[in-house]
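Biologist: I am new to this structure and would be grateful for a close look at one part of it, centred on its aromatic rings. Please set out each term as you come to it.

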Amino acid sequence: QVQLKESGGGLVQAGGSLRLSCAASGSIFRLFDMGWYRQAPGKQRELVATLTIGGSENYADSVKGRFTISRDSAKNTVYLQMNSLKPEDTAVYFCNAHFSSWTSSGDYWGQGTQVTVSS
């Protein structure tokens, strides 16, 4: 069973930067696509960025040019570098690992880390 744990959230002023980390319980990047999602109060959880097994990156339009997803396979860790933060980026950020095969598919989630951007 895959376990994920996010860290690096906190309080930052608009225009500042944070780097979120997601530590995995094992070496999974050759088997799982990775992603970052966020959920603001009263809103649905939304996709922020994804990183496939093959290394392809995808970003929500709202964060393009500001956020970067990356991974360090040796450390079993995926990162989300967030620059030029805006108050609307305030949310709980979740790490996701997705698997799919001919016989099954599913997702693993971390507990989340709070990011608060003040104006």
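How far is the charged end of R45 from the centre of the F94 ring over which it sits?

Modeller: This is a predicted model, in which local features need pLDDT of at least 70, side-chain atom pairs count only at pLDDT 80 or more, and totals for chains, interfaces and linings use all residues. Residues are numbered from 1 along each chain as its sequence is written, and side-chain values use heavy atoms, leaving out hydrogens and water.

The charged end of R45 lies 3.7 Å from the centre of the F94 ring. R45 also sits over the ring of W109, with its charged end 4.7 Å from that centre. Such a contact requires NZ of Lys or CZ of Arg within 6 Å of the ring centre and within 35 degrees of the ring normal.

The structure also holds four aromatic pairs: rings of Phe, Tyr and Trp (its six-membered ring) with centres within 6.5 Å, called stacked under 30 degrees between planes, edge-to-face over 60 and tilted otherwise. One of them joins F32 and F99 edge-to-face, at 5.8 Å centre to centre and 75° between the planes. F32 lies in the loop between strand 3 and strand 4, and F99 in strand 9, 67 residues apart; strands are DSSP runs (E, at least two residues), numbered from the N terminus. F99 also pairs with Y108 in a tilted arrangement, at 6.0 Å and 35°. Together, F32, F99 and Y108 make up one aromatic cluster.

Buried means under 20% relative accessible area, exposed over 50%, and partly exposed in between (1.4 Å probe, protein chains only). F32, at 10%, therefore counts as buried, whereas F99, at 22%, counts as partly exposed. Y108, at 24%, is likewise partly exposed.

How values were computed: Helix = DSSP H or I, 4+ residues; strand = E, 2+ residues; numbered from the N terminus.
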